[in-house]
Amino acid sequence: MNMDIDAIDFKNGDASATLYWYLDDPSVGYLADLKTTVSSRGQGLASKLIETIKDKARQMNMEFLYLRVLNGTWMKNWYERIGFSPILIDGDYSWMKFSL
């Protein structure tokens, strides 16, 4: 497998994230570094940003989005609420998947 990757950075107000993909398999995206400032939490910025990323991934003909999140955190529960499913537990982390 070729390890060359590309990425797009997204920003919505005080929320930001990055979408990565391997150049030799652009059907799969990896969501990383989702951040929202503490003062902006609860305003829906991250949810809107995730929808923007999903839309872009669909435009790029991606089939799946994956991410890795710490188990036992509100973030894991939040990802589940917005449609990501846990697929693998890796130590203290879970890999999650969203079908586009």
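Me: Where is D33 placed in this predicted model?

Reply: D33 belongs to strand 3, which spans residues 25-36.

Me: Why is D33 called partly exposed, rather than buried or exposed?

Reply: The relative accessible area of D33 is 43%. Buried means under 20% and exposed means over 50%.

Me: Which class of accessibility does N61 receive, and why?

Reply: N61 has a relative accessible area of 61%. The limit for an exposed residue is over 50%, so N61 is classed as exposed. This residue lies in the loop between helix 1 (45-59) and strand 4. Its phi is also positive, near 65°, although N61 is not a glycine.

Me: Why does T36 count as buried?

Reply: T36 has 17% relative accessibility. Buried means under 20%, and therefore T36 is counted as buried. T36 is part of strand 3.

Me: Which residues does T36 touch, leaving aside those up to four places away in sequence?

Reply: With those residues set aside, T36 touches D14, A15, R41 and A46. A contact requires heavy atoms within 4.5 Å.

Me: Is S40 buried or exposed, and why?

Reply: The relative accessible area of S40 is 5%. This is set against the limit of under 20%, and so S40 is buried. S40 sits in the loop between strand 3 and helix 1. Residues up to four places away in sequence aside, S40 touches D14 and L45.

Me: What lies between strand 5 and strand 6?

Reply: The two strands form a hairpin with two residues between them. G91, in the turn, has a positive phi of about 65°.

Me: Why may strand 4 and strand 6 also be called a pair?

Reply: Strand 4 (residues 64-70) is joined to strand 6 by seven bridges. The requirement is at least two, and therefore the two strands pair. They run antiparallel, and one of the bridges sets L67 against M96 in strand 6.

Me: Which residues of strand 6 are on its covered face, and which on its uncovered face?

Reply: In strand 6 (residues 93-99), the covered face holds S94, M96 and F98. The uncovered face holds Y93, W95, K97 and S99. The reason for such a pattern is that in a regular strand the side chains alternate between the two faces of the sheet.

Me: In what order do the six strands form the open sheet?

Reply: The order is 1-2-3-4-6-5, with mixed pairing.

Me: What makes strand 1 and strand 5 edge strands?

Reply: Strand 1 (5-12) and strand 5 each pair on one side only. Neighbouring strands of this sheet are turned by 25° against each other on average, direction ignored.

Me: Which strands does helix 1 lie across?

Reply: Helix 1 lies across strand 1, strand 2 (15-22), strand 3, strand 4 and strand 6. The helix runs at about 145° to strand 1. Helix 2 (residues 74-81) also packs on the sheet, where it touches strand 3, strand 4, strand 5 and strand 6. The direction of helix 2 makes about 155° with that of strand 4.

Me: What is the volume of the largest pocket, and which residues are closest to its centre?

Reply: The largest pocket has a volume of about 230 Å³. It is lined by 14 residues, and the closest to its centre are T36, R41, A46, W74 and M75. Strand 3, helix 1 and helix 2 each give two or more residues to this lining. By class, the lining contains six nonpolar, six polar and two charged residues.

Me: Which elements give two or more residues to the lining of the second largest pocket?

Reply: The second largest pocket holds about 180 Å³ of space. Its lining includes D33, L67, M75 and Y93. Strand 3, strand 4 and helix 2 are the elements that give two or more residues. Nine nonpolar, one polar and two charged residues make up the lining.

Conventions: Residues are numbered from 1 along each chain as its sequence is written. This is a predicted model: local features need pLDDT of at least 70, side-chain atom pairs count only at pLDDT 80 or more; totals for chains, interfaces and linings use all residues. Side-chain values use heavy atoms; hydrogens and water are left out. Buried means under 20% relative accessible area, exposed over 50%, partly exposed in between (1.4 Å probe, protein chains only). Helices (H or I, at least four residues) and strands (E, at least two) are DSSP runs, numbered from the N terminus. Axes are lines fitted to C-alpha atoms, for helices over the stretch in contact, and angles run from 0 to 180 degrees between N-to-C directions. On a 1 Å grid over the protein atoms alone, a cavity is a set of points where a 1.4 Å probe fits but cannot get out, and a pocket is an open set with protein on both sides within 12 Å along at least five of seven lines; lining residues have an atom within 4 Å of a point. Grid points are joined across faces, edges and corners, and a volume is the space filled by probe spheres set on the points. Ala, Val, Leu, Ile, Met, Phe, Trp, Tyr, Cys and Pro count as nonpolar, Asp, Glu, Lys and Arg as charged, and the others, Gly among them, as polar.
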